[in-house]
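Subject: Structure handover

Hello,

Here is the structure I promised to pass on. Please open it and keep it beside you while you read my notes.

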Amino acid sequence: MSLPKEMMCLVKQREDEGFDLVTRPVPTPGPDEVIIKVERVSICGSDINLWKWNDMARVIAKLPFIPGHEATGQVVEVGSQVKEVQVGQRVAVENHFYCGTCYQCKDGRGDICQRMSQYGHGRGSNQGGCCQYSCVPARYCFILTKNLTPDQAVLLEPMGVAHNAVDNISVEGEDVLVLGCGPVGLLVIGVAKALGARAVYGVDVDVARLDLALKMGATRVINGSKEDISRVVMQLSDNNGVGRIVEASGAASLVNQSFSYLRKGGQMALIGLPKAPLHVENVLTDVIFKSITLKTIHGRRIFHTWKECERLLADGLVDVCPVISHQLPMTKYLHAFDLSITGAACKIILDPQN
């Protein structure tokens, strides 16, 4: 396949708001790299931080870079030493570029690598998925073996976070409370149902997202702006508290309250990103004396989680369609980020080829 000399891409070049749509040379792969013709890239909450270039962006990113860490496409060129990936294969990108040599990597935990670089954030790579052709080291490519659509494939990355959280707290036969029904929280609901949760409850203050939670399989939704979350949770759980909680909102006030919703011996996974300090008022009764298990989740288990999520999608056990609110050409990126920032969208998928 003969590649064009130039491509269209978004770039974060300056410490101010927004991205620039520019033309750049199509990259050439190094010996261990591949070139992916990007079919889809989706917008994540962290991309909004990068757009705004706020305090969180300054921590997680380094200029300049092409944004977009949730990407999928077809391999169109491989480097001279690449053996594991072939031209023509469809892949999704693991955005956590693990070093392979630190303690965690040697222990099989590349997802929490000490020296992690990051695709789409400018950490160790200026590449990201918001471009027509992306250069990625072959070892970070997850080869798709099932017949997924591009829209399904691009959601494997956020779905992996959801699966990792659910898998870590053993939800089979349990009641699960999901705090925050943003895109990842919605995927948590779908995955929890697929992995055998007895009941799944979704909490949010946005009516539209609560409606989506029901479409994703929630047993009951709780509007935090109109209902007393604690009272409803206790009613639903015979005053025991729920057995499992996944905190996906990132709202510090909700995280602080969440320990009181959990029953004794319960398990909780934190995947939201609080922007304020956490403070548990009743530490003894809500944490210590409850003998709880607390898990924090950072990304996906490489590549166990990817394989499990691909299976769930291919077997029709999780439907990601309700999460996707907009599908737009990448040239409409200004409109896409306006929708994301104003809260008028759930998950937006961009087509870089248009």
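Start with Cys113. Its relative accessible area is 7%, so Cys113 counts as buried. Please note that this is a predicted model. Cys113 sits in the loop between helix H3 (103-106) and strand S7. Leaving aside residues up to four places away in sequence, Cys113 touches Tyr98, Cys99, Cys102, Gln104 and Cys105. Pro25 is 88 residues from Cys113 along the chain, and their C-alpha atoms are separated by 31 Å.

Next, go to Gln118. This residue lies in strand S7 (residues 117-118). Is Gln118 buried or exposed? Its relative accessibility is 14%, under the 20% limit, so Gln118 counts as buried. The side chain of Gln118 makes a polar contact with the side chain of His121, at 3.4 Å. Gln118 also touches Asn95, His96, Phe97, Arg123 and Ser125, again not counting residues up to four places away in sequence.

Now look at strand S10 (residues 175-179). Five of its five residues are buried, so the rest of the structure largely encloses this strand. Asp175, Leu177 and Leu179 point one way from S10. Val176 and Val178 point the other way.

Which strands does S10 pair with? One is S11 (residues 199-204), which runs parallel to S10 and is joined to it by five bridges. There, Asp175 has Ala199 as its bridge partner. Another is S13 (residues 242-247), also parallel to S10, with four bridges between them. In S13, Glu247 is the bridge partner of Leu179.

Helix H6 (residues 183-194) belongs to this picture too. S10, H6 and S11 form a right-handed β-α-β unit. H6 has 12 residues and spans 17 Å from first C-alpha to last, close to the expected 16 Å. Nine of those 12 residues are buried, and H6 is mostly covered. Among the buried ones are Pro183, Leu186, Ile189 and Ala192. Just after H6, Gly196 has a positive phi of about 95 degrees.

Then the cores. The largest nonpolar core has 52 residues. Val34, Val85, Val136, Ile348 and Leu350 have the most contacts inside it. Several elements each supply at least two residues of this core, including strand S3 (33-42), helix H1 (45-52) and strand S17 (347-351). A second, separate core has 47 residues, and Val200, Leu210, Val221 and Val320 are among them.

Last, some backbone details. Most peptide bonds are trans, and most residues other than glycine have a negative phi. Here are the exceptions I would look at:

- The peptide bond from Leu63 to Pro64 is cis, with omega near -15 degrees. Pro64 is in the loop between helix H2 (55-60) and strand S4.
- Ile302 and Phe303 are joined by a cis peptide bond, with omega about -10 degrees. Phe303 is in the loop between strand S15 (293-296) and helix H11 (304-314).
- Ser170 is not a glycine, but its phi is positive, at about 50 degrees. Its relative accessibility is 43%, so Ser170 counts as partly exposed.
- Ser291 has a positive phi as well, near 55 degrees. Its relative accessible area is 55%, so Ser291 is exposed.

Best wishes

Terms used: Residues numbered from 1 in each chain as written. Predicted model: local features only at pLDDT ≥ 70, side-chain atom pairs only at ≥ 80, totals over all residues. Heavy atoms only, no water. Buried < 20%, exposed > 50% of the residue type's maximum accessible area, 1.4 Å probe, protein only. Pairing = 2+ DSSP bridges. Right-handed = clockwise from strand over helix to strand, strands pointing away. Core = buried A, V, L, I, M, F, W, Y, C linked by side-chain atoms within 4.5 Å. Polar contact = N/O pair within 3.5 Å; in protein donor to acceptor, adjacent residues only side chain to side chain. Contact = heavy atoms within 4.5 Å. Expected span 1.5 Å × (residues − 1).
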